[in-house]
Every structure is written in structure tokens, then in C-alpha cells.
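Keep the model open as you read.

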Amino acid sequence: MTQRRMAAIAAAFMTLVSAPFATAAELPKEIKIATEGAYAPWNFVNSDGKLDGFEIDLANDLCARTKIKCTIIAQNWDGLIPSLQVGKFDVIMAAMFITPKRMETIDFTQPYAIDPTAIGVAKSSDLGKQGPSTEKIKLEDEKAAQAAIDKMKPALKGKVIGVQSGTQLLAFVKKYFGDVAEVREYKTTEQHDLDLAAGRIDAVVVQQTNLAAIFAKPEFADYTAAGPGFVGGILGMGTGAGMRKEDTALKTAFNKAIDEAIADGTIKRLSEKWFHADVTPVK
Amino acid sequence: MFEKIHLLGFGAGGWGALLLEAAGITLLLSALGFAVGAVFGGVAAAGKLSSSKVSRVIASTYGTVFRGVPDLLSIYLFYYGGSVALTSIARLFGATGFVGLPTLATGVVTIGFISGAYQSEVYRGAYLAVDKGQFDAAKALALTRIQMLRLVIVPQLLRHAIPGLGNVWQLVLKDSALISVIGLVELMRQAQIGAGSTREPFLFYLAAAALYYTIAAVTDLFFSRAEANASRGIVHR
Amino acid sequence: MIDPGFFLEIFPKLVAGLPLTLKLCGISVLLGFVLAVVLALAQQSENAFFVWPIRAFVSVFRGTPLLVQIFLIYYGLGQFRPNLQALGLWWLFREPFWCAIIALTLNTAAYSSEILRGAIRNVPRGLPEAASALGLSRLLTLRLVVLPLALRQALPAYGNEIILIVKGTSLASIITLTEVTGLAQELISQTYRAMEVFVAAGAIYLLINFIIVRALELLEIKLTPYRKR
């Protein structure tokens, strides 16, 4: 086969599979944003079967500000980073924490939200009796963090903790509670919620906003958040939008839009709409 | 549980339409995957019957591997590995940027690859089941090789292949549920979404099971008809 | 493209899931076989009261995906905790391991009972007739004549069924059990090296299959001493 024929076949083949994405440093006119669609109220499928939630509203707002036409799609959590890298979509907005490990492969905008972790348990359990605390503990402050962890540990001894696989929350649970409790990994948080309700597991670890939404449902009337909220350290630097490293123009545009959305109170408004709490990052 | 049955209805807050649409995607995914598998299977069967040792080894390795490893593992290979491979192939030809297959296409190719491994066995068996005298007769009539295959061998081969293909089809239909793990909203995935959203997993998985069962039963009928049709005038001994 | 160092790194990680894969497979094949024999024999009776529910069970479990069955048993029945507790069965349904075993067992029992039923039907009619002419009871005829012949005839098809169950154990990874495929998926999403992980994990499964096929071949030779090969 001549080289020209091969090139022609290759070209035909490529138009067949998909048009190569523009990756230059110029701002694209159209992008695809991927979310998970199973993490209420950040992103979820509503009762009409449509994507909805804080990040859906925020994505639409950021797209309007940057004048980019956006399509939002749902994608499995496990596949988000690899699929971003191979160009199945251009942006991840899926309550993903910004961490150094992830930044080895992809890039992030500045955080658009900071939301501490929370542990959900039955009210009647040892930890449930300790009750929730409004305290926020930075994991960088090792002394305070260790004291808080040590207070909770005995109550979790021999218990089963459910957490979503591939998340920083999993890394957090393994690091701080892995020596006393059994950690069970789930594909989505909705699945560990079902198992918590069924009594197969004793605790779940998610973000405070997510836990509040879960426990607002009637079947979780006997459940409560327990202990303080944790931020920073292994949990990363807040929640941001993930992008490919080479898409620098897109990142700059999104950062600017996030700045504006923080400054004019849009993030605060959306946050109160969805979470009844303010998750606006403090600069 | 049954007081919640309206969740499966077609009115406001009912998931009936979404589930039916997803069942359509399942049918589409399976049919396309089966068709792609026919191509892979045909080529692999030819490889297995070929006189070249290299072809035989390649074809039988393909069959052994994709019939032997869990289909879920093959799906992960195509899902995570497929785009990476396509992108590097495209780069070989001087393209820049990324090449990705849409989720449906990834599912179709994956199912095609797996079912091709099974179909190759069916075609090989069917070819060997064609009476040797038919080849001699075709030669005696001075048919060319192509004419012989098209007019004499393939029609008979298909008759022998239909029952086996029916089994592979049922396998494909059930395998298509696994494609839910890569995020394609087919029947299984839609049931999961519904179960998560309404917290009624039993109802939604039961509905999904009923839909799969219906599709399997109806398509099975189709294959039996085809089998009866293809064996018209054949004397069973 | 293939990096031997990487293989050495991932192989032990994948092998760590092997005991779970083998346990899932071993227990469900054993339980499923026993259930399949019972179901196949029960269908020999002409009593519609027995036959009809069994046919329905077999048809449903063969006509729906294993994944749906696992989800229905795990997440679906999880909804009925109070009822299951009242029945004293919750300890079983509480554990993902046992839910996977239940699903795999019922699934393989449905397929295997059909294989056995076909094999029993294919036993030449003259043999049980001869046995009853010798004065053997129906039960003895079944035990001494029909079943041994049917089992031997069913062996090749049953071998394929065992391999399908080995493959089916991979679905347990979807209900939090990290067996070989679950570990493979974790490794792929961490390293993005799908091909290498696939080859390593695939080799483990192919080895299991190979051992099963060989073992059944030896069993077949042992059961047919007069048929020298």
C-alpha cells in the first residue's frame, strides 16, 4: 500500500470515528462538560430523568460568562479522568477535589467550592451519640486532626464504612480509619446510601452537603452526621473543574468566570439554593 | 413496594418512557454488536479453517482469549484502552489531538469482539457440517470458487449456523447489560439511575428483568422461525 | 510496548484477588450442581405442580442477565430487611459475598439443570427398561443406571457452564467484592495501562479455565474406561 493511500484511509477512518478536537491554546466555541449524575445535590438525575444540581447550574452560568456553547453529559466516576485525557469531553465538573496526585495527569481551575467531609451513622450508634459538630478541622493541622480522629476511632472499631471508590474520601478513610474499621468501596454514593439504609454498613463518608441531602429523606430519619468536618491535606484544595493540561485558554477563561461568579454572589446564591449552606471558597 | 408502581408509569414522575427508550438502546446495541461480531466471527472462522498456520494460531488465540476471560474485563480493556490505542494510531498517521469513540460505538465494538469469538466457532462448525459432496458437485458444474461459496455453500452453512447463532444472540443480549459499567444509558444503566433516584431498587431491577426477559423471548421466537424457514424441504433422519 | 517490570508489579496485586474468585466459583458450582440435579430429577415427574414452577424458574434465570439478578438480590432484597430479619435470613443477605453466591448458584443451577435434563432424555430407553426388567426400583434405576450415564454425557457441556461461572464471578466486583476483575479495574483506572492489566488478569482466568478443562477431560477418560483414545 502506498503511503498516500494509507493516509487517505486513515483520514477516512478518523472522520468516521470522530473529528479530532481542537487543542490549540485558542478558546473553543463548543465544549462538552462531564459530570457524574449520581451525587445529589451537586449533580444528579432528577425525577424527570434529566441532569440537575449545583454543578449543572454553575456550569451553565460559567458557559454563559465565557460565551461557550456547552453540552453536559453524565459519565461514570471511574472513567472521568481517562476519558477526559482521550478527549471524550473537555471539562470535568463532578465534585472532584483538586489534589496533587490528580494534577500529575490533568489540570484544574481554581476551586469553585470548598465543602468539608462528613461521617453519617445511625443515631443510636456509639458515634451517632457523639452527635455532629460545626467545627472544621484542617488536616494540615496535624495535632488538632489527630485529636479529633482519636476521639472518633474507638466508636468505629470493627464497623464497616462505605465510601465511593477512586475518591479522595476513600484515601482519607483508609488513612485515618483503615486500621480499625473495614472499608467497603462502592461505584456510586447512591449505592452506599442504599446499603446504609439496608443496614449492611455502619457508616458512610461523603461531603457535608451530600450527607445533608441524603439524610433529609424520610428513610434516614434515624441517621445523623457525627464529628467535625475535615478539609485540606489528603482531601485536596477544594472542588474545581478538571481540564486537559494543554487547554490553557479554556482554563484562563473558566478561572475568570469563576472569579466573577464568586464576586457577584452567584456561587453563594446557587450554593444556598442547593445546599442551604454556603460553600463559596474563601480567598 | 407495589404502591410505588406508578413510578414505572408513563405519567408525571413515571419512568416508563425512559425505561422503554433504554430498552430500545439495549436492542440497538445488541443488534449492532451482533452484526459487528458476525464480521469478526466470519474472518476468524476463515482463519481457523485456513491452511496457513499463522492464521490458524491467531484466530484460535482470539477465540480462546475472548471466550475465556470475563466479558467485564474485556469491556474495561476496550473502554480504557480503546481510545488510547485509537489516539496513538491516529498520531502515527500524523493527526494531532484526540480521537475518541462515542460510548455507544465503544459498546458495539466491545460486544462485537466478544460475540465474534463465539460466532467464529458457530461458523466453523457449520462449514464443516456442509456435506463434502456439495463441493464436488459445485466443481462438477464448473462453478467458480466465488459462485460455489455464494450459491451452494453459504446458504447451507447458514442453515447449520442458525441454532448456534440464536444462542450467541441470547448471550449478546445479556452481555449488553454489562455495557452499563461504561456509562452508556441502556436498560441496565437506566434501571440503576431510577433505583438511585427513587430508592426503589427492587421495583426498578424487577422491571429491567421483565424487559430483558421479554426481548429475549420475542427474539428467540424470531430465531426459531428462521430455523424452521431455513430447513424447509430438509428431511430429518 | 510491554514492560516486564510493570507486569511484575501488577501480577501479585491481581493474584491477591484469586482466593476470592476461586471461593465464589467453587461454592456456587458445588451448590448449583446439587440444586441442578434436584431440579432435573423433579422434572422427570409428570406432576405439573412440580414441573411448572421449575420451568418458570429456569426460564427466568436463563432469560435475564446475571448482572440484573445480582442487583435484584443485593440491592433489591436489601429493601426488605425487616421481612428478611423476621425470616432469620438477614445474616445471609447482609453480606455481599453471600448475595453473589446466591445469584451465581441460582444462575448456574438454571443452566445446568437444562443440560442434565437433556442428557437424561438422551439415555437410551432400553437401559432403564432393562433395569426395571431386572426388578430394580425406580429410584435404584435412576441412581444406578440413568444418572451415571446422563452425568457422563453431560460432562462436556457442563465444563462450558463451569467456565461461564468463572467468568460470572467477575460481576461480584460490582457489589463491592474486589476479586481479580475488580482489582484489574482499579489498577487500570490508576495507571491507565489497560492492555498490560488485561493481559495479566486475562492470563489468570485462562489458567483457571485450562485447569478446569484438563480436569474434566481426565474425569471423562476415567468414566469411560472402555472408550480408549
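Helix 2 of chain A is largely enclosed by the rest of the structure, because 10 of its 13 residues are buried (under 20% relative accessible area, 1.4 Å probe, protein chains only). Helices here are DSSP runs of H or I, at least four residues, and strands are runs of E, at least two, numbered from the N terminus. This is a predicted model: local features need pLDDT of at least 70, side-chain atom pairs count only at pLDDT 80 or more, and totals for chains, interfaces and linings use all residues. Residues are numbered from 1 along each chain as written, chains are lettered from A in the order written, and side-chain values use heavy atoms, without hydrogens and water.

Helix 2 covers residues 54-66. Its buried residues include Phe54(A), Ile56(A), Leu58(A) and Leu62(A). Asp57(A) and Asp61(A) are also among the buried residues. The buried residues pack against several elements of chain A, among them strand 1 (30-35), strand 5 (69-74) and helix 10 (248-263). Lys67(A) follows the helix, with a positive phi near 55 degrees.

Now step back to the domains. Chain A is divided into domain 1 (28-114 + 238-275) and domain 2 (117-235), with bounds from an automatic or database domain assignment. Their centres, taken over C-alpha atoms, are 25 Å apart. In contact (heavy atoms within 4.5 Å) are 15 residues of domain 1 and 18 residues of domain 2.

The count between the two domains is 1 salt bridge (a side-chain nitrogen of Lys or Arg within 4 Å of a carboxyl oxygen of Asp or Glu).

Key
Expected span 1.5 Å × (residues − 1). Buried < 20%, exposed > 50% of the residue type's maximum accessible area, 1.4 Å probe, protein only.
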